[in-house]
Amino acid sequence: MAEKPIQGEKRVFMTGNEVVAWAALAAKADIMYGYPITPQNEIMHYWTRMAPKYGKRFLQTEDELSAGFTTLGGVLAGRKAFTATAGPGNTLMQEPMSMAEMMRIPSVVVIQQRGGPSTATVIYSQQEVTMTTYGGNGEGFRIVYSTANHQELFDYTIKAFNTAWKYRFPTFVLGDGYQAKMRESLIIYDPEEKGVELVQTEPTLGREAVNGEKKPVHIRNTYNTEEELYEVVTRYMEEYMKYAPEIVEYREFDCEDADIVIVSHGVVSRAAKGAVQELRKEGLKVGYFRPVTLRPFPADQLKAVADNTMTLLLVESSLGQMAKLVKDAIFGSTVALATLFKPGVGITSEEIVAKVKGMF
Amino acid sequence: MFGGIPISERILEAYIGEYASGKSEVAVNRAISLQRKGREVTIADLDLVEPFYTLRPIKKMLEQMGIRVVAWETGETLGLGETGSIMKPEMRWVLKRPGDVILDIGYGVEGAKVLNLIEGAAEEKQLKVFVVINVGRPLTATINDIVEYVRDLAPVHGLINNSHLGDDTTLEFIQEGAGVVTEAAKTLGLPVTATYMERRFEAALGGKFDNMGNYVQFLDRYMANTFW
């Protein structure tokens, strides 16, 4: 068996999908379950290339329903398990992940968004925001990290395992086809050498007997009466609300005196960042706000920004899926809203700059 | 004579490597440099593994330079990325074309198997297969990893050090790569055909050789514009 996959830290150059595979290794994941779909395939390709060297496992299932449910099975058996998918695969994954919500199974799913609806394009979009945050029946008790670059794909994939197991809500890393395929340098590292504690997993089912006694375990996704369900969902909601403030992550800069604040997430926030820097150089008062967690959403933080500026410009590669989250978060604010929506198409900083200049 | 170049003097080269090793960039630069010497050149996109960062988006530009390009155009493809890329009939016969032929091959062992589909590839003694290595990729970062990787790819005629970190590349990193690739090549009993580096390092290098004595080729980056 080879030694640790990553010793110390190392600057490397690779595709986003490879980054995810390396991050899962660095996080000491035990097994990946998956079914191929572009643009996430190389996560599986690289995981399966590396897995045998490090005593890891892989199971290719017959579809994403199975991939999702087998991931849950792995977790229930105490394995640090994950899966990855995109587009219509994400659609199928909603049923197992809503079961994970109901049973509080700490699953990790990496999504590389592609164009929709249906198979549409294999290339790119931000059209899986609604589905990843609130898909499936239920209340969307999930955690969703929207990454913007390869370093974050690495960092947040590692973090996702810790978050999932700590709070026991299904956790998603939401990338996209651009991040999946593009090549970029980043630093990969052994998290434990950096002082990041990796969560210890434990089986939910099939535990060893203690002092000769084996307690029965019963986890449920089926309830008999409305009241019985209501009690459980209420408890989950309270826990979710309680933990949300410590889970929420966001980035902001130049908002204090801004007349317009650009709100974007994921890879689009790179264009927004470039645009804000350029517009500031020209003396225009423009700010930047980026939710990193789309669920739970940094609502209080964005509300504070909204109350202190004149306009929020919402920019995304979908027809307003992030915008719905924003509107919900800032309800009651009198800030004006402007939008730059390009469903399934990338957005450049030049386009954002032009849009903002047209607003002043 | 075959297309103005005696058959025995045709240059037939295949470039192979990992994702982001820079195999296509090296192949494109090689084709352009041959064309600039007045040679007749065909470059073929034989990456059937993944249809992004391929020659497709710069096909017209290369053709305008006078290079023949055997590659799909994006609009001609069906189910891009979903159903695999199929071979163009011209791809199968590409080695039978007059002049020099440069093959840009898909990644890894599976990608290399495309050579089994090319007429004449097995018999053509002039066909050289070069593996493009970037030590910035963790699976080909060490001597042992490179040796193992290249052994799986046989037959191979030489290694190319194309160590880089995209925009974050430094000359020091390239030289470090030269050391690792040269050691791996010794173990494999293969030559290091060249070290490739961006033209922006020309002044800092101050010569034609890297620190291991390998010949340096300067390249211009075209592939950054070829996403899908």
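Predicted model: local features only at pLDDT ≥ 70, side-chain atom pairs only at ≥ 80, totals over all residues.

Trainee: Okay, how many helices and strands does chain A have?
Mentor: There are 12 helices and 14 strands in chain A.

Trainee: And what does the C-alpha trace of chain A span?
Mentor: About 75 × 50 × 40 Å along its principal axes. The radius of gyration of chain A is 21 Å, and a compact globule with 360 residues would come out near 21 Å, so the two agree.

Trainee: What percentage of the residues of chain A count as buried?
Mentor: That comes to 50% of the 360 residues. As for contacts, take those in chain A between residues at least 6 apart in sequence: 80% of them join residues at least 24 apart.

Trainee: Which domains is chain A divided into?
Mentor: Domain 1 covers 9-194 and domain 2 covers 251-359. Their centres, taken over C-alpha atoms, are separated by 26 Å.

Trainee: How many residues does each domain bring to the contact?
Mentor: Domain 1 of chain A gives 23 residues and domain 2 of chain A gives 21. On the domain 1 side, helix 5 (129-134), strand 6 (143-146), strand 7 (171-176) and helix 7 (177-181) of chain A each supply at least two residues. Strand 6 of chain A has the largest share of that side, with 4 residues.

Trainee: What classes of residue are on that domain 1 side?
Mentor: The side of domain 1 that touches domain 2 in chain A has 9 nonpolar, 12 polar and 2 charged residues.

Trainee: Now the open sheet in chain A. In what order do the strands come?
Mentor: The order is 9-11-10-13-14, 5 strands with mixed pairing. Strand 9 (250-253) and strand 14 (336-341) of chain A are at the edges; each has a single partner strand, so one side of each has no neighbour in the sheet. From one strand to the next, the twist averages 20 degrees.

Trainee: Remind me, what holds neighbouring strands together in a sheet?
Mentor: Strands pair through backbone hydrogen bonds, in a parallel or an antiparallel way.

Trainee: Which strands does helix 9 of chain A lie across?
Mentor: Helix 9 (residues 268-281) lies across strand 10 (260-263), strand 11 and strand 13 (311-316) of chain A, at about 165 degrees to strand 11. Helix 11 (residues 321-329) of chain A lies across strand 10, strand 13 and strand 14, at about 150 degrees to strand 13.

Trainee: Switching to chain B: is V41(B) buried or exposed?
Mentor: V41(B) counts as buried, because it has 27 C-beta neighbours inside 10 Å, and the cut-off for buried is 20 or more. V41(B) belongs to strand 2 (residues 41-46) of chain B.

Trainee: What does V41(B) touch, leaving out residues up to four places away in sequence?
Mentor: Its contacts include A31(B), L34(B), I67(B) and I102(B). R10(B) is 31 residues away along the chain, and the C-alpha atoms of V41(B) and R10(B) are 9.6 Å apart.

Trainee: Last one: how many residues from each chain make the contact between chain A and chain B?
Mentor: Chain B contributes 16 residues and chain A contributes 18. The chain B side splits into 8 nonpolar, 5 polar and 3 charged residues.

How values were computed:
Residues numbered from 1 in each chain as written. Chains lettered and ligands numbered in written order. Pairing = 2+ DSSP bridges. Axes fitted to C-alpha atoms, helices over the stretch in contact; angles between N-to-C directions. Contact = placed C-beta atoms within 7 Å. Rg over C-alpha atoms; globule rule 2.2 N^0.38 Å. Buried ≥ 20, exposed ≤ 12 C-beta atoms within 10 Å, placed from the backbone. Domains from an automatic or database assignment. Nonpolar A, V, L, I, M, F, W, Y, C, P; charged D, E, K, R; others polar.
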